[in-house]
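Student: I am new to this structure. Could you take me through how to read its features, one at a time?

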Amino acid sequence: MPFTERSGARIWYETRGSGDPLVMVYGIGGHSGDWWDVFPALLEPHYRLVLLDNRGTGRSEKPSAHWTMSDMTADVMAVADDLGLERFHLLGCSLGSIIVRHVVREYGPARIRSLSLLCPPNGIPATEEDLRTALFWDPARPLIESARASWPIIHPPEWIARNENELIDRFHRTMANPTPARTFQFQLQAAQAAPDPNPAVDVADVPVLILHGTIDRLVPPANAELLARQIPRARLEWLEGDSHNFWAHDPERSAAVLLDFLASV
């Protein structure tokens, strides 16, 4: 599995499948393994997936000093450059959707074939309790208890009941190489300090998909509605009954909507 250090940090990535490249950027604290299995498997017969671990996560370098939004966008472009990608589809989920919007703002749209924004934050926060439960675990509690408390913020309750063993197994795998607590803080601070990327996306000649679950508690659906008004040409699609991590709990429907969009551009 290759690394690139073109952006000043050691960034891990891998490619899967064949076809036009689709670069996939994960959200806060997560990494390429958090796309789960089925969603990428449904995409890779159609596209060459480029999965990277954001700095501070997974197999990428975990710096101890603060970083900026420009550092995170540089990491994405470093991977694209390392692979020699002239043009590519670009997808980000949650905080990753902020990063990819800033890629357009900082580097322009010339190399971007399309922009897919999954559960995109856009200035309308979750409740303080949901945000704390999902992202900022109490170190005094057993970690598995904090994990269990976070699941209803990002998955539908009935799906959790059916998939509890898988969630527990993935929790233990995550704990084998955990994301440092500082990464969550650094990523949030970088996003909050950066300027609004939406005007640059609005004027860019790039097709845009906004895909959101209707019961998302971590990034309330009003974020997608507002973003669609700010980028009027964007295609807004709702996943009825889905929560935040819909690629995990509804991969077939998520992939179908995404593939339909990508085939249209």
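Student: Which side chains meet in a salt bridge with N to O at 2.3 Å?

Tutor: A salt bridge is a side-chain nitrogen of Lys or Arg within 4 Å of a carboxyl oxygen of Asp or Glu. Here the side chains of Glu-164 and Arg-148 meet in one, at 2.3 Å from N to O. Glu-164 lies in helix H7 (residues 164–175) and Arg-148 in helix H5 (residues 143–154), so the pair ties together parts that are 16 residues apart in sequence. Helices (H or I, at least four residues) and strands (E, at least two) are DSSP runs, numbered from the N terminus.

Student: What kind of model is this, and how are residues numbered?

Tutor: This is a predicted model, in which local features need pLDDT of at least 70 and side-chain atom pairs count only at pLDDT 80 or more, while totals for chains, interfaces and linings use all residues. Residues are numbered from 1 along each chain as its sequence is written, and side-chain values use heavy atoms, with hydrogens and water left out.

Student: Are Glu-164 and Arg-148 exposed, partly exposed or buried?

Tutor: Buried means under 20% relative accessible area, exposed means over 50%, and partly exposed is in between (1.4 Å probe, protein chains only). Glu-164 is partly exposed at 31%, and Arg-148 is partly exposed at 37%.

Student: How many salt bridges does a search of the whole structure find?

Tutor: The search finds 19. One of them joins Arg-10 and Glu-5, at 3.2 Å from N to O. Arg-10 is partly exposed, with 36% relative accessibility, whereas Glu-5 is exposed at 53%. Another is formed by Glu-237 with Arg-235, whose closest N and O atoms are 2.9 Å apart. Glu-237 is partly exposed at 24%, and Arg-235 is partly exposed at 26%. Through shared partners, salt bridges also join Asp-37, Glu-166, Asp-169, Arg-170 and Arg-173 into one network.

Student: Over which ring does the charged end of Arg-170 sit?

Tutor: A charge sits over a ring if NZ of Lys or CZ of Arg is within 6 Å of the ring centre and within 35 degrees of the ring normal. The charged end of Arg-170 sits over the ring of Trp-36, 4.1 Å from its centre. Arg-59 lies over the face of Trp-12, at 3.7 Å from the ring centre.

Student: What describes a pair of aromatic rings?

Tutor: The distance of the centres and the angle of the planes describe it. Rings of Phe, Tyr and Trp (its six-membered ring) pair if their centres lie within 6.5 Å; planes under 30 degrees apart count as stacked, over 60 as edge-to-face and the rest as tilted. The whole structure holds seven aromatic pairs. In one of them, Tyr-26 and Trp-247 have ring centres 5.8 Å apart and planes at 85°, so this pair is edge-to-face. Tyr-26 lies in the loop between strand E3 (20–25) and helix H1 (38–43), and Trp-247 in helix H11 (residues 246–249), so the pair ties together parts that are 221 residues apart in sequence. Both residues, Tyr-26 and Trp-247, are buried.

Student: How many residues of H2 are buried?

Tutor: Ten of its 14 residues are buried, so H2 is largely enclosed by the rest of the structure. The buried residues include Met-69, Met-72, Asp-75 and Ala-80. Just after H2, Gly-84 takes a positive phi of about 70°.
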